[in-house]
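Subject: Handover of a structure and its analysis

Dear colleague,

Please find below the structure that I am passing on to you, followed by an account of what was found in it. I would be grateful if you could read the account alongside the coordinates.

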Amino acid sequence: MFSRIINTNSLFCNLPWCSAIITLCCPCVTFGQIANRIDNGRTSCETAGCIYTGIALCIAMPCIYSCTYRTKLRNHFGLFETPASDCITHLCCEYCALCQEYRELNYRGLNPSAGMYVSLTFFF
């Protein structure tokens, strides 16, 4: 049913313009949404976005954090690490990699912008 390679190209052209603009202007938002969906709500969008921003501000290399989520995405869906490693992909073009991961989650039916909220039910 699904292929073993990432199904979307790494360019902005197939991403809805609103999401592409958000990624270009504030990649921490897109990354936070991706991390939230990949971690099934265990990491909040805000937490992941703040960590991403903190790394970007301190050492200007948020790719060292974001590439780990690309690896998680690939492992979850059994995708191959092609044409380059996850770290190289994020290092060379962070924005394109984030857009590609966002589209891949959409393609798989996991809309990152919808978020993943862990429902807590208390019984009294």
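In what follows, a residue is called buried when its relative accessible area is under 20%, exposed when over 50%, and partly exposed in between, using a 1.4 Å probe and protein chains only. By this scale C93, with a relative accessible area of 30%, is partly exposed.

This is a predicted model, so local features need pLDDT of at least 70 and side-chain atom pairs count only at pLDDT 80 or more, whereas totals for chains, interfaces and linings use all residues. Residues are numbered from 1 along each chain as its sequence is written, and side-chain values use heavy atoms, with hydrogens and water left out.

Overall fold

The protein chain has six helices and zero strands, in the order α-α-α-α-α-α along the sequence. Helices (H or I, at least four residues) and strands (E, at least two) are DSSP runs, numbered from the N terminus. Of its 124 residues, 41% count as buried. The accessible surface, from the Shrake-Rupley method with a 1.4 Å probe and with only the protein chains shown counting as cover for residues, comes to about 7,200 Å², and carbon and sulfur atoms hold 67% of that surface. Among contacts (heavy atoms within 4.5 Å) with a separation of 6 or more, 67% are between residues 24 or more positions apart.

Nonpolar core

A nonpolar core is here a set of buried Ala, Val, Leu, Ile, Met, Phe, Trp, Tyr and Cys residues joined through side-chain atoms within 4.5 Å. The largest has 14 residues, of which F31, I34, I38, Y52, Y65 and Y69 touch the most other members. Two or more residues come from each of α2 (27–38), α3 (45–59), α4 (63–77) and α6 (94–107), and α2 gives the most, with five. Leaving aside residues up to four places away in sequence, Y65 touches F31, A48, I51, Y52 and I55. In soluble globular proteins, nonpolar side chains tend to be buried together.

Salt bridges

There are six salt bridges in the structure, each defined as a side-chain nitrogen of Lys or Arg within 4 Å of a carboxyl oxygen of Asp or Glu. One of them joins D39 to K72, with the closest N and O atoms 3.2 Å apart. The two residues are 33 residues apart and lie in distant parts of the chain, D39 in the loop between α2 and α3 and K72 in helix α4. D39 is buried at 6% relative accessibility, while K72 is partly exposed at 37%.

R74 pairs with both E81 and D86: the N to O distance is 3.8 Å for E81 and 3.0 Å for D86. The D86 pair links helix α5 (residues 86–92) to R74 in helix α4, 12 residues apart. Through shared partners, salt bridges join R70, R74, E81, D86 and E101 into one network. Within it, D86 is buried at 2% relative accessibility and R74 at 9%, whereas E81 is partly exposed at 39%.

Cysteines

With a disulfide taken as a pair of cysteine sulfur atoms within 2.5 Å, the structure holds zero disulfides. For C63, the closest cysteine sulfur is that of C67, which at 6.5 Å is too far for a bond. C63 is itself buried, with a relative accessible area of 8%.

Yours sincerely
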